[in-house]
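Hi,

Here is the structure I promised to pass on.

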Amino acid sequence: MPTLKTTVDGLVMQNPFVIGSGPPGTNLQVIMRAFKEGWGGVIAKTISLDSTKVINVSPRYAKLKSGDGKEVIGWENIELISDRSFDKWLEEFKQIKDAYPEGILIASIMEEFNKDAWCEITERCQDAGVDAFELNFSCPHGLPERKMGAAMGQDPGVLGEVCEWVNAVSKIPVWAKMTPNITHIEDPSRAALAAGCEGISAINTIRSVMGVNLDTLRPEPTVEGYSTPGGYSSKAVKPIALRMVMEIAQMIRKEFPGRTISAMGGVETGRDAAQFILLGGDTVQVCTGVMKFGYPMVKQLCEELLEFMESKGFETLDDFKGHSLGYFTTHAELVRLQAERKIKDSEAAKAKTVAKDGDWDGDEFVKQSNDLATN
Ligand SMILES: Cc1cc2nc3c(=O)[nH]c(=O)nc-3n(C[C@H](O)[C@H](O)[C@H](O)COP(=O)(O)O)c2cc1C
């Protein structure tokens, strides 16, 4: 019987499914609910020392639906980090760990480019008993005027320096969360790992404009008649997330073997998760999926992942982690491989023709000459 139990950066988890930072981890009640339902870990909503600077607007979500209007396939948000008080968060971290000592609780933190602030937030969350950190370098819309989030994550030099500050005071694992709004996601990932982070989380949301309302002619989501580009998530982003996780995993294999990836972007099923693990994910995060389907979905995620493992004879996640990374190559190599295969097929067809020596029926003659003509 396969097992989903895994240990990542020393964190012992009953399964690799982790709630991604966002509304599903926004306070003590919902985080406790997640542990009760059996999630392996929860990354709390991103916090900062001074929540009074964080002011959210409404509406802050806009959705893209499938053609029949029944399914949400893309989700844009212009939500900022948590606007709840830092002291309240610290109290809640303690209470959650008291109630669920086995649950892996990860604090997502974000600050301005200020060493004292990063060190203070790290030390105070650590003292409250969280198991690990995720550094949010990746929110595409939030607080660029304060050079926070993606504004920081797009600059490997700045990001590397912040990771050094945090790692100098952190006694627990640190994952750096990457923005997909960059051409080469390996560059900031490399800077974070070089600065001592144990792992990379990817991807955060993709900068987007959901649409323009053709009645009002205003972009959406519309707040007082105006909008601002937001972050895109859910099912529609999975192909982009898979590509970026693959690129980070390839880099880690070559340059930082043993470092880990917490992969996410559009995961809704155990089979989605299997694909992220095949491309190098150690854990798999779900954020928008939980908003769509609720906390109990973790049971189905586990069942589907176990079914996949059983069908392939895998006993542990390590049996197939990164397995499919070896099947990527350049387009030029695909051309060469295909030409080689065509030559082989045509030689095989010729050999078959000679062996049969003229006793073909008419249909076979037409088929084989067509095959030869296309080769
Ligand atoms: C409404 C909403 C709020 C989010 N807030 C945060 C946040 O505070 N910090 C963070 O690191 N990521 C945040 N995210 C990004 C998610 O954690 C995740 O990286 C992204 O949505 C892709 O995964 P998904 O398709 O499973 O949602 C948020 C996403 C959504 C939809």
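Before the notes, one term: two residues are in contact if their C-beta atoms, placed from the backbone, lie within 7 Å. This is a predicted model, so local features need pLDDT of at least 70 and side-chain atom pairs count only at pLDDT 80 or more, while totals for chains, interfaces and linings use all residues. Residues are numbered from 1 along each chain as its sequence is written.

Let's start with the domains. The protein chain is split into domain 1 (6–327) and domain 2 (331–374), with bounds that come from an automatic or database domain assignment. Their centres, taken over C-alpha atoms, are 50 Å apart.

Next, the core. A nonpolar core is a set of buried Ala, Val, Leu, Ile, Met, Phe, Trp, Tyr and Cys residues joined through C-beta atoms within 7 Å. Buried means that 20 or more other C-beta atoms lie within 10 Å of a residue's own, again placed from the backbone. The largest core here has 89 residues, and Val245 is one of those with the most contacts inside it. Helix 7 (residues 238–255) gives the most to this core, 9 residues. (Helices are DSSP runs of H or I with at least four residues, strands are runs of E with at least two, and both are numbered from the N terminus.) Leaving aside neighbours within four places in sequence, Val245 touches Ala202, Ile261, Ala263, Phe276, Leu279, Gly280 and Gly281 by the contact rule above.

Now find helix 6 (residues 186–194), where the buried residues include Pro188, Ala191 and Leu193. Among the elements that its buried residues pack against are helix 5 (156–169), strand 10 (199–202) and helix 7. Just after helix 6, Gly196 has a positive phi of about 100°.

Strands pair if DSSP finds at least two bridges between them. Strand 3 (residues 17–19) runs parallel to strand 16, with 3 bridges, and Ile19 stands opposite Val286. Strand 15 (residues 260–264) also pairs with strand 16 in the parallel sense, over 3 bridges; there Ser262 has Thr283 as its bridge partner.

Finally, the ligand: 28 residues surround it, the closest being Gly20, Gly22, Ser233, Cys287 and Thr288. A residue counts as near if its C-beta atom, placed from the backbone, lies within 6 Å. Strand 6 (72–77) and helix 9 (288–293) each give two or more residues to this shell.

Cheers

Terms used
Buried ≥ 20, exposed ≤ 12 C-beta atoms within 10 Å, placed from the backbone.
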